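I opened my notebook for a friendly look through this one. Here is the structure I worked from.

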Amino acid sequence: MRQPLVRVCRAAAAAALTGALSLPAAAQSGSSLAAAVEAQAAQAASSPGAARRLSIDDAQKLALEQNLGIRIQRFDPQIQDLGIMQARSLWTPQVSSTLSRRAQTQASTSSIAGSATAVVESRFTGGINLSQALPWGGSYSATWNGARSTTTNLFSTFSPQIFSNVNIQYTQPLLRNFSIDSIRQQVAASRSARELSGIQLDALVVQTLRNVKNAWWDLAYALDNLRAQQESLDLANRSLRDNQKRVEIGTMAPIDIVQAQAEVASNEERVIVAEAAIRRAQDNLRVLVLDPAAPDFWTTTFEPADTAPFADQAIDLDAAVRNALEKRSDLRSARTGLERRNVDLRYLRNQSLPDINAQATYVGTGVGGLQLSPLTQSDILSGNTTRRVLSDRSFGAAMGDIFQTDYPDWTVGVQIVYPLASNTAHANLARARLEQQQAIAQLTSLEMMAAAQVRESARNVETNRKRVGSARASRELQERKLEAEERKLAAGMSSSFFVFQAQRDLALARTAEIQAISDYNKSLVDFEAVQLAPLGGGSGGQAAASQAVR
């Protein structure tokens with residue numbers, strides 16, 4: 001029952017407010033409309049939203065801490081750091097091991113096997129391998145294998161037999177893959193991607209702070225505009241009261257009151273529109289500086305701690321252009337992409353060289369176990385298979401053979417691969433050279449566009465500065481014009497029409513002055529931001545460089 005009752009109350013209140021706003025202006029007096037507007041303002045003021053005084057610097061600090069877009073973009077450099085680690089992991093040593101056991105029984109198919117009907121063999125094998133690709137292009141592999149085997153084969157001189165082997169190989173490219181290889185190219189690409197992600201984060205911060213400043217100035221303008229519209233409404237209400245008094249004493253026709261009431265209604269409409277603009281500006285600023293997870297996200301309102309002043313600032317265009325050419329995010333991204341292309345070009349140029357590799361191999365072998373005396377054919381034919389033990393060598397003795405190099409095996413050589421015709425590497429190299437020239441031309445074009453955008457922003461600052469002076473002079477003249485018309489009306493030398501016209505002109509002049517000051521301050525924000533990032537959001541060279549790095 002409670003929820004339907006709440007809905008009914010809300011619907012009734014909404015219907016009452018809609019009806020009050022939709023009544024024709026001619027059917028209401030100026031005082032009743034003003035009371036309705038004041039009641040609506042009081043209702044908004046009594047809402048649960050907490051008013052928060054906010055300076056433009058505080059707004060920027062909040063955005064850096066809580067803006068959702070910045071928080072999302074901050075993950076990307078961390079992801080790219082992991083990409084660098086992943087690429088460098090290709091230089092990490094790799095260790096592998098094997099264990100196996102084999103048992104085999106074969107039927108005896110030869111008379112020299114004696115009376116045995118089968119030959120039984122058993123072998124246990126273990127090994128470990130260590131390999132690594134080195135940062136200077138070489139690679140090595142070290143392998144140790146050990147085995148223990150037993151057999152009933154009468155011709156085997158060891159049973160059980162212990163075998164140990166060490167194999168060490170090293171390969172060093174001499175031309176292709178010497179100065180750069182695929183791993184070093186991948187590491188360089190990962191570093192370029194990391195640098196680009198940092199540039200993109202910087203660009204997003206600049207864009208966000210620009211939007212925050214502009215949203216703050218929009219809110220300040222909306223509040224100042226509301227005050228200007230309320231002043232115009234006060235003037236219209238004062239004129240209405242004066243006209244009512246003139247009608248009472250008989251110096252003005254009653255029809256003139258209708259015109260005054262229409263002027264009041266028109267000004268009240270402007271006040272309502274100005275209040276809606278404030279709520280829109282509040283939402284825009286709220287989205288930029290507050291955490292969406294906060295419980296009072298949609299109820300918090302802001303009040304600029306500073307006014308919207310007009311402070312004439314000198315513009316150094318040449319210094320601004322130089323600063324933009326050095327620090328603009330799109331230019332930095334394009335230069336990063338060009339560096340990446342240079343790495344690719346160096347790699348492809350290296351891949352077009354002959355493939356010459358120096359190789360060195362060392363193999364050490366050790367043998368142990370129970371050594372038996374050999375059997376002759378006559379012993380086998382006579383059935384005498386008794387064998388005596390000649391020596392018993394342990395596993396340690398077999399390992400000693402390896403480290404004492406009793407049975408060394410060295411191999412040193414050079415492997416050369418000759419390409420017989422133009423291959424894919426030459427085609428890729430030619431393409432990379434053309435793409436590099438294209439990237440250089442794109443960078444030059446971006447530099448020209450950046451300089452043009454800075455110059456355009458500087459012109460906007462100068463234009464808006466002049467607009468402020470002109471709008472201020474116009475507002476002062478309109479105030480004097482209104483005073484003159486009011487004095488003429490009081491002396492009976494004018495009509496209320498000219499007074500209302502002067503009031504409307506003054507309202508427009510006030511709005512134009514406030515708008516000019518806001519545009520001037522926002523043009524200063526753009527002039528500062530355009531030196532660090534494109535105002536369009538980092539397209540062009542930045543996007544091209546991002547695609548090149550990936």
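How many aromatic pairs does the structure hold? I found 3, taking rings of Phe, Tyr and Trp (its six-membered ring) as paired if their centres lie within 6.5 Å, with planes under 30 degrees apart counted as stacked, over 60 as edge-to-face and the rest as tilted.

Before going on, I noted that this is a predicted model, where local features need pLDDT of at least 70, side-chain atom pairs count only at pLDDT 80 or more, and totals for chains, interfaces and linings use all residues. Residues are numbered from 1 along each chain as its sequence is written, and side-chain values use heavy atoms, with hydrogens and water left out.

**Aromatic pairs**

I looked up Phe297 and Trp298, which form an edge-to-face pair at 4.8 Å centre to centre, with 85° between the planes. Phe297 is buried at a relative accessible area of 6%, whereas Trp298 is exposed at 59%. For these words I used under 20% relative accessible area for buried, over 50% for exposed and partly exposed in between (1.4 Å probe, protein chains only).

Why is the pair of Tyr362 and Trp410 tilted? Their ring planes stand at 45°, with the centres 4.7 Å apart, so I filed the pair as tilted. This pair links distant parts of the chain, with Tyr362 in strand β7 (residues 355-372) and Trp410 in strand β9 (residues 408-417), 48 residues apart. Helices (H or I, at least four residues) and strands (E, at least two) are DSSP runs, numbered from the N terminus. Tyr362 counts as buried at 12% relative accessibility, while Trp410 is exposed at 63%.

**Nonpolar cores**

Next I checked the cores, meaning sets of buried Ala, Val, Leu, Ile, Met, Phe, Trp, Tyr and Cys residues joined through side-chain atoms within 4.5 Å. The largest has 35 residues, and Val212, Trp216, Leu285, Val289 and Phe302 have the most contacts inside it. Two or more residues each come from α3 (56-66), α6 (182-249), α7 (255-289) and α13 (496-529). Helix α6 gives the most, with 14 residues.

Apart from this core lies another, of 15 residues, including Ala458 and Leu524.

I then followed Phe302: leaving aside neighbours within four places in sequence, its contacts (heavy atoms within 4.5 Å) include Arg52, Leu219, Leu285 and Val289.

**Helix packing**

Last, I looked up α9 (residues 329-351) and α12 (residues 424-490), which pack at about 165° with their axes 9 Å apart. Axes are lines fitted to C-alpha atoms, for helices over the stretch in contact, and angles run from 0 to 180 degrees between N-to-C directions.
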